[in-house]
Amino acid sequence: MASDILLQKFQEIEPGSDFGFSLPIVTSSSGKRYYAKAGRPSEQEQYVGEAESLRHIARAAPGLAPRVFDSGIDSNGRPFFISEYLDTTHHSGASMARLATRLATELHAYKSTQGFGFSVPTFCGETRMENGWYEKWEECYDALIGGLQAGLEKRSGNKILCGKIAAVRKTVIPYLLRPLEVDPVLLHGDLWSGNTSIDKSTSEPVVYDPSSFYGHNEADLAIARIFCGFPKAFFEKYHELLPKSEPAHQYEMRIDLYELFHYLNHALIFGGGVYASSASQKMDRLLKCCS
């Protein structure tokens, strides 16, 4: 059973303690609570990607994400994951400013020595990100969009939408990303309001459910703008500490390009409709501006 490997691992984490399981919450006789889960062999990559993302975030910005105590694959090929449990609540204006500060000065200051990308596949929602390493940001982002294009071609067969994606890859990505001189810094990868809150025990902001990779810092701001969960003051504080990349006059177009990833990903996950329509309109504007 899945609980067997989890119990074994908990006994290694807290020898001599007893544990009560109400997954995903596990309570120790010491009073500590943990977050734990175990999956099917087919879910190995999801578990590995999440754990590696959280470990990288912990190195870049200690305490910003839940600490991973253990993760791996058992002898039957089933993945497992154990982290600290965080009792959280909604953000305040002050905590959003603190989050902007930690992102600008810690997470987005943590550089890769291997280039752009990530060492293992990760999942943005249900979508598998192949990852790997790239010398240039343009190449990395093109591969991310190309993966979504391939998925949409296979699933929906929307030739008009996929034709626009191909045009964006051919013209817009080189036009906007080739001039950039940016370092590969650690990104959360799916930083919307549902993936961040306040840790009640510390009153500090925390993030979770990452799909991390090393890329251009501005790409991590895109989905935060789509769902309107981040106030204007967050972005003002962030760019006060980490100015917009040059050429700054292309910032809004770059953000549109980075938002496109999430619109296309949602179209892939949830089907056509509003997300495909929004992606199509955004591509029309980008192709017009970058032609």
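Predicted model: local features only at pLDDT ≥ 70, side-chain atom pairs only at ≥ 80, totals over all residues.

Me: What makes Tyr 214 buried?
Reply: Its relative accessible area is 4%. Buried means under 20%, so Tyr 214 is buried.

Me: How many aromatic pairs are there in the model?
Reply: The count comes to 17 aromatic pairs. One of them is formed by Tyr 110 and Tyr 214, with 6.5 Å centre to centre and 35° between the planes. Planes under 30 degrees apart count as stacked and those over 60 as edge-to-face; the Tyr 110 and Tyr 214 pair is tilted.

Me: Which parts of the chain does this pair link?
Reply: Distant parts, 104 residues apart. Tyr 110 is in the loop between helix H3 (93–105) and strand S7 (116–118), and Tyr 214 is in strand S14 (residues 213–215).

Me: Why is the pair of Phe 230 and Phe 234 called edge-to-face?
Reply: The ring centres are 4.8 Å apart, and pairing asks for centres within 6.5 Å. The planes stand at 85°, against a cut-off of over 60 degrees, so the pair is edge-to-face. Both Phe 230 and Phe 234 are buried.

Me: Over which ring does the charged end of Lys 37 sit, 5.4 Å from the centre?
Reply: Over the ring of Phe 81. Lys 37 also lies over the face of Tyr 47, at 5.2 Å from the ring centre.

Note on methods. Residues numbered from 1 in each chain as written. Heavy atoms only, no water. Phe/Tyr/Trp six-rings, centres within 6.5 Å; stacked < 30°, edge-to-face > 60°. Helix = DSSP H or I, 4+ residues; strand = E, 2+ residues; numbered from the N terminus. Buried < 20%, exposed > 50% of the residue type's maximum accessible area, 1.4 Å probe, protein only. Lys NZ or Arg CZ within 6 Å of the ring centre and 35° of its normal.
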